[in-house]
Amino acid sequence: MPASVQPYFFLSYAHTPRFGAGGPDPDMWVERLYRDLCSHVMALTDLPAGSEAGFMDREIRSGEGWSERLGMALATCRVFVPLFSPRYFASEMCGKEWFAFAQRAIQHGAISNQPAEAIVPALWVPVPPSQLPGPAERLQFNHNTFGERYVTDGLYGLIKLRGYAEQYERAVYELAKRIVRVAETVRLESVRPVDYRVVPSAFGSPSSPARTLHVTVAAASRHDLPEGRSPEYYGDSALEWNPYHPASQRPIAYVAEDLVRNLNYRTTMSSFDDEAGHFDSKQPPTRPEILIIDRWAVDDEQRRRRLAAFDQESRPWINVVVPWNRYDHQSRARENELAHQLEDTMPVKMSQGRAACRAAANGVANMETLGQILPQVVEAAAQQFLRHAQVYPPAGGTPTERPRLLGPMGMSGPPAPPRAPFPPDADRDRHDGQSRRSRHERDATAETETDRGDTDDSES
């Protein structure tokens with residue numbers, strides 16, 4: 001996409017289905033908002049004639065090349081404008097759009113070591129804070145400056161009701177000013193477009209609660225480096241290791257944290273040296289984990305022994321990522337030696353890592369590649385966690401009920417105390433009453449309970 005037609009902002013919204021064939025298009029109100037925003041942005045900037053003030057994916061999803069056009073717009077626009085509504089956060093497509101743009105902002109922040117807050121949300125329909133996924137909840141944005149009625153009714157309420165025309169005009173104008181201010185302040189660089197069809201959603205699964213993932217870094221600090229190793233890539237702790245210096249200004253642990261949070265996870269972090277000796281493979285896992293390993297870590301005898309002992313414990317819910325900067329001359333000179341040493345030290349983990357994501361285990365060359373492969377690594381770790389985590393079937397219940405498994409991905413904890421048993425007479429009366437129901441009622445009840453059980457199992 002030539003620079004002259006790069007969109008200034010990307011309007012992301014959830015398409016509303018029509019009520020019937022030939023009926024009015026419910027998205028016409030969104031189109032009106034889009035046109036009004038474009039008009040204000042053109043007036044507030046010096047964009048030349050022919051520039052794309054905005055981008056809105058009205059019909060391209062059903063047309064040829066829609067993924068390429070959408071990917072190009074997300075890779076080049078200056079500001080991302082999501083229209084908040086309950087339908088928006090239930091939309092996988094909207095989650096994909098958010099994810100693709102946020103990855104670009106995270107990469108920009110890693111290079112500049114400056115926050116790149118280029119998402120300007122707008123309330124189409126107000127959404128309670130408790131219903132916001134993590135990426136939206138973490139946005140620092142004050143909607144009150146757009147007007148009190150905007151906060152209570154959203155743009156949809158203002159645009160639909162004639163009595164609120166003045167409030168609508170004020171809210172849209174303030175939104176346009178915010179878009180321009182952010183675009184001029186952040187100035188994101190364009191990146192290579194991603195394939196929109198294969199990126200994950202930033203909102204996770206709409207039926208599951210927020211989840212937690214742990215990031216562990218196995219690396220030295222600048223105070224205990226192997227002899228001759230340059231300290232420029234290291235800090236006062238393992239969490240300050242920055243393998244992609246000088247291209248990246250942020251330690252990889254914090255970039256990985258941002259990338260994982262963009263998948264709607266809560267995150268915790270620690271150094272492998274601090275965690276070593278505290279692992280207990282006999283206990284069920286409490287969260288999936290990512291282990292980021294510096295190959296130079298195995299050049300230290302004590303750390304190599306701890307990593308080898310860790311490898312002997314069966315923990316398939318921990319996936320490895322091996323960053324490797326080939327522009328680091330010291331690393332390039334010893335690449336084969338250190339790679340073989342890591343393989344000899346951790347054969348199990350490295351084999352599991354290649355099965356989950358070959359690129360993650362063989363050496364991640366740069367920050368852009370890290371952003372591309374990490375969702376796959378996280379998904380593989382989460383799947384292994386679900387296979388090995390403890391679940392809690394409910395106590396009590398009738399013999400005919402299908403057990404509902406609670407947990408483990410951030411759901412309820414240990415089971416509730418068992419219910420008191422039915423007295424003998426009450427139990428007999430209950431079963432007699434059930435036997436008098438018609439066959440149709442029994443079948444309908446069984447079908448409902450089976451469907452509910454399938455849903456719960458998928459969420460656990």
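Student: What should I know about the numbering and the model before we start?

Tutor: Residues are numbered from 1 along each chain as its sequence is written. In this predicted model, local features need pLDDT of at least 70, side-chain atom pairs count only at pLDDT 80 or more, totals for chains, interfaces and linings use all residues, and side-chain values use heavy atoms, with hydrogens and water left out.

Student: What is the mean pLDDT of the chain?

Tutor: pLDDT is the predictor's confidence in each residue, from 0 to 100. The chain has a mean of 82, and 78% of its residues reach 70 or more. Residues 403-460 have pLDDT below 50, with 58 contacts (heavy atoms within 4.5 Å) beyond near neighbours in sequence. Where pLDDT is low, the predicted coordinates should not be read in detail.

Student: How do you know that α2 and α4 meet?

Tutor: Helices here are DSSP runs of H or I with at least four residues, and strands are runs of E with at least two, numbered from the N terminus. L70, L74, A75 and T76 in α2 meet E97, A100, F101 and R104 in α4. By class, these residues are five nonpolar, one polar and two charged. Ala, Val, Leu, Ile, Met, Phe, Trp, Tyr, Cys and Pro count as nonpolar, Asp, Glu, Lys and Arg as charged, and the others, Gly among them, as polar.

Student: Why is the passing of α2 and α4 called right-handed?

Tutor: A crossing is right-handed if the near helix is turned clockwise from the far one by less than a right angle, and left-handed if anticlockwise. α2 passes α4 in the right-handed way.

Student: What makes a space a cavity and not a pocket?

Tutor: On a 1 Å grid over the protein atoms alone, a 1.4 Å probe fits in a cavity but cannot get out, while a pocket is an open set with protein on both sides within 12 Å along at least five of seven lines. Lining residues have an atom within 4 Å of a point. A volume is the space filled by probe spheres set on the points, which are joined across faces, edges and corners.

Student: Which residues line the largest cavity?

Tutor: Among them are R229, W241, D294 and W324. This cavity holds about 60 Å³, and its lining has five nonpolar, two polar and three charged residues.

Student: What lines the second largest pocket?

Tutor: Its lining has 20 residues, with I106, A116, E117, R138 and D258 closest to the centre. α4 gives the most, six residues.
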